[in-house]
Amino acid sequence: MSHDHACTDPTHHVHDGDAFVHEVERACEARGLRLTPIRAHALRLIADAGRPMKAYELLDQMKATHDAAAPPTVYRALDFLLEHGFIHKLASINAFVGCHHPGSAQHAVPFLICDRCQSATELEDERIVETLDRRARELGFTPQAQTLEVHGVCAACARAGAES
């Protein structure tokens with residue numbers, strides 16, 4: 001199957017944690033932002049998780065290496081990373097994932113979320129985003145942000161279910 005953009009390929013993933021943090025460091029430098037050690041650590045844990053991560057799960061992992069890791073500190077780090085488009089929040093499962101393109105401008109992203117394994121695939125497809133935006137505007141609605149979350153069963157879990 002051919003794909004128009006790398007992010008429409010479900011096997012495409014952000015990077016390993018070190019490369020991901022390095023890319024965000026470059027983006028922060030270019031934008032005049034400060035990536036503190038706590039923010040970088042949170043970012044690395046999210047990237048290394050390979051699946052959506054809940055805030056308290058992140059907090060538990062951060063406490064192991066940062067004495068200053070308290071809920072407000074972790075939430076401030078998450079707010080910074082969200083605000084600048086380095087991570088996405090999946091509201092339906094209250095979890096965070098790394099953005100496939102942390103160095104690019106913020107963008108609207110549909111996600112495919114597996115209800116069995118909790119994996120989340122960033123499906124960056126401009127046609128979907130443009131269609132939702134256009135239809136909203138046709139109805140007199142001015143969209144400010146857009147994250148479409150589609151729940152179901154991923155191909156790996158469907159195969160595993162068929163094999164058992």
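**Exercise 1. Describe how the axes of α2 and α3 cross, and which residues make the contact.**

Solution. Step 1: in this predicted model, the axes of α2 and helix α3 (residues 55-63) come within 10 Å and cross at roughly 115°. Axes are lines fitted to C-alpha atoms, for helices over the stretch in contact, with angles running from 0 to 180 degrees between N-to-C directions. Helices are DSSP runs (H or I, at least four residues), numbered from the N terminus.

Step 1: the crossing of α2 and α3 is right-handed; in a right-handed crossing the near helix is turned clockwise from the far one by less than a right angle.

Step 2: α2 contributes Ile-38, His-41, Ala-42, Leu-45 and Ile-46 to the contact, and α3 contributes Leu-58, Gln-61 and Met-62. Contact means heavy atoms within 4.5 Å.

Step 3: the residues of this contact divide into six nonpolar, two polar and no charged. Ala, Val, Leu, Ile, Met, Phe, Trp, Tyr, Cys and Pro count as nonpolar, Asp, Glu, Lys and Arg as charged, and the others, Gly among them, as polar.

The model is predicted: local features need pLDDT of at least 70, side-chain atom pairs count only at pLDDT 80 or more, and totals for chains, interfaces and linings use all residues. Residues are numbered from 1 along each chain as its sequence is written, and side-chain values use heavy atoms, with hydrogens and water left out.

**Exercise 2. State how many salt bridges the structure holds, and work out which parts Asp-18 and Arg-44 tie together.**

Solution. Step 1: there are five salt bridges (a side-chain nitrogen of Lys or Arg within 4 Å of a carboxyl oxygen of Asp or Glu).

Step 1: one of them pairs Asp-18 with Arg-44, at 2.9 Å from N to O. Asp-18 belongs to helix α1 (residues 17-31) and Arg-44 to helix α2 (residues 37-49), so the bridge ties together parts that are 26 residues apart in sequence.

Step 2: Arg-44 has a relative accessible area of 27% and is partly exposed, a class between buried (under 20%) and exposed (over 50%), with a 1.4 Å probe and protein chains only.

How values were computed
Helices (H or I, at least four residues) and strands (E, at least two) are DSSP runs, numbered from the N terminus.
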